[in-house]
Amino acid sequence: MTGFDSFAMVDWSGGNDTGPRPRKDAIWACVVRNGRAEEPTYFRNREIAEQWLCDLIASEVATGRRLCLGFDFPFGYPRGFANALTGSDDPMQLWEWFERRIEDTPKANNRFDLAGEINRRFGGKGPFWFNGLQRSIDGLPKDKSDYQNPFPERRVVELAPETKGSFSCWQMGGAGAVGGQVMTGLPVLTRLRRAFAGKVSVWPFEVLDKPVAFVEIWPSLTLGAGPDGRIKDAWQVEQIALSLAAMPVEDLANQLNVTAPEEGWILGVSQRKPDIAPPPLRNDCFALPAGVNWTPVDDALALLRERLTVIAPAETEPLAQAAGRIVAEDIVARRSNPPQPNTAVDGYGFAGAAPEGAQVMPLHPGRAAAGIPFDGTVPEGHALRVLTGAALPTGVDTVILEEDVNLQDNHIAFHGPLKHGANTRRAGEDVAEGDLVLIAGRRLTPADLALLSATGIAEVSVRKTLRVAVLSTGDELVEPGEIAGPGQIFDANRPMLLSLINRMGFYPVDMGRVVDDREALRDCLNAAAKQADVILTSGGASAGDEDHVSALLREVGAMQEWRIALKPGRPLALGLWDGTPVFGLPGNPVAAMVCALIFARPALGLMAGEGWQEPQGFDLPAAFEKRKKPGRREYLRARVRDGRAEVFASEGSGRISGLSWAEGLVEIEDGARHIKPGDAVRFIPYGSFGL
Ligand code: AMP
Ligand code: MG
């Protein structure tokens, strides 16, 4: 697409002829050519406006100018409507459909009748509402009190925060309503498109490769009422035309670059592009404050929290594939739950409260069941059989439980009083359309999927699952199942860490074992950085001769030795390898697990997009005695029995059996403490770390 030479913006109106004198809430248009605006034009009715548009297109096409022609009404309806009427999702077919049915003259048009006719196909309570005429129209509700909309209330573009205040195209009348504009506007656009076949493309449904583009605008997106003394509509069309004409071609191309195949879109409302990769981490992201010998645990955690950022890009997934994934953007309900008032019980429905005393009511023929609405009106004073989940039919707003009813001779009898609205659920009483249902960072639970599905969300923007590579280092390590010679031990850390990663909801990448050889480790880190977002190593993280993890990270200049005031724990080596964060955990399995839970887990969560998650602990009476010196935070392998926290008999950091025995950790603060049985201690269950 190249740029446009002229811009014409039109403020449409669904009303009748507004007379000879220019006035507001009529049709206004303004043309800008070569950056200069003509005087806005007033049209007293649509017939004149249509002729003018026809002449305008003809003249621009004849002179070879590309014309961007904007209209301030929706080019499409919310999802599903086009298909329900025409059998096709293609909005152009819906345009034709309206063009065949709308009868429009300067004095009158049939839009309210057509709205009623459409509504009657769907049970007669929606999607359209507001009858602007004196006479009543079958199927077209006057107001929203008994309104039921089988389609979404709004288009996706109208859920964007910047379109707050826009009107729904279902509202057929009232100040500012656009329902009438769409119905009277689309037939005009359809005829223009036909008259200039091959010369017009409609945005965003068609590629804009023709001389004329129809685009949807909404002046109030960016403009207020304008200066005193000017008619708002005239001023707005002039301003929009001027600003579009002044916009750099690439910027306009960006604004036009949207996908909204069925509902259409408003020019200027951004479609968020969730797949942009977040910025990489900085090389010094793990730098600890200088001059501190042993960094307190809380300081180290605060530093991780402050320096790390989300590194997992977002992608869109269907709901069924989204369980356990992390929500990338806040999610807003597309549909209310329940979508319409319905009955909470099996019983009999009627209108209004029932007074004290015995009630007898004639039974109206038919019934309403879940998914099978009753399409008729229940007369005043009559009752209808209703089943749980059924939409309340017209004439029913209160339900009596079937157990409380005597049924005889086509009548029901029961004891009043019964409150108005008893045993029914209000539309949106759980969640209203447009409500924020889940916020970014949420890891989707089974219950969340129910909530999203019920509120009309079919796909969600979620983070790609963080890939975490795990490797073990040490000449002494052999694989379980292999023959272990003297001095050799089986690799205990790798299976533990891989499973830990998996349980925390990340994607584990097994990089195997590496001997204490710098080149072998270098190759392994290179391979890991290619395959994963984060690398966890165990062993070789201190400053000794065979501590190659720290040596290599130091070599590339991105190594930080973390000496944390923590027991159990040896120094951690943190750094970036080829831009990929590396957590060099201690080799000792107890220290490796504690450091993975306390440091790696919240850091991984943050990078994965779930925000900083503090493990949730709670205070319990101790079942043990312990004296602790000041200076280090301690984590003891612990479990709860009879409401008291027990700790493992030995604090030896090589005791893997204690890790397995434990069901969580007891956390003892940095200062000195003498814990006696019965004193409160903080217990953090493994489950709090996501295990
Ligand atoms: P390092 O940090 O490499 O000095 O190792 C500290 C201690 O942890 C040594 O006793 C190692 O043998 C032991 N160790 C290191 N890696 C593992 C592992 N993957 N499984 C079990 N023990 C290990
Ligand atoms: Mg080692």
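## Helix α10 and its surroundings

Helix α10 is followed by G505, a residue whose phi is positive, near 90 degrees; helices here are DSSP runs of H or I with at least four residues, strands are runs of E with at least two, and both are numbered from the N terminus. This is a predicted model, in which local features need pLDDT of at least 70 and side-chain atom pairs count only at pLDDT 80 or more, while totals for chains, interfaces and linings use all residues. Residues are numbered from 1 along each chain as its sequence is written, and side-chain values use heavy atoms, with hydrogens and water left out.

Within α10 (residues 493-503), the buried residues are N493, R494, M496, L497, L498, L500 and I501, where buried means under 20% relative accessible area, exposed over 50% and partly exposed in between (1.4 Å probe, protein chains only). These buried residues pack against several elements, including β21 (467-473), β24 (507-514) and α13 (589-608), with contact meaning heavy atoms within 4.5 Å.

## A mixed sheet of six strands

Six strands form an open sheet with mixed pairing, in the order β15-β12-β14-β13-β17-β16, and two strands pair if DSSP finds at least two bridges between them. The edge strands, β15 (398-401) and β16 (406-408), each pair on one side only.

Strands β13 (residues 354-368) and β17 (residues 411-418) run antiparallel and are joined by seven bridges; P362 has H411 in β17 as its bridge partner.

## The loop residue E153

E153 lies in the loop between α4 (111-121) and α5 (179-195), and E153 counts as buried because its relative accessibility is 16%. Not counting residues up to four places away in sequence, E153 touches P78, K144, Y147, S168, W170 and E433.

Terms used: Chains lettered and ligands numbered in written order.
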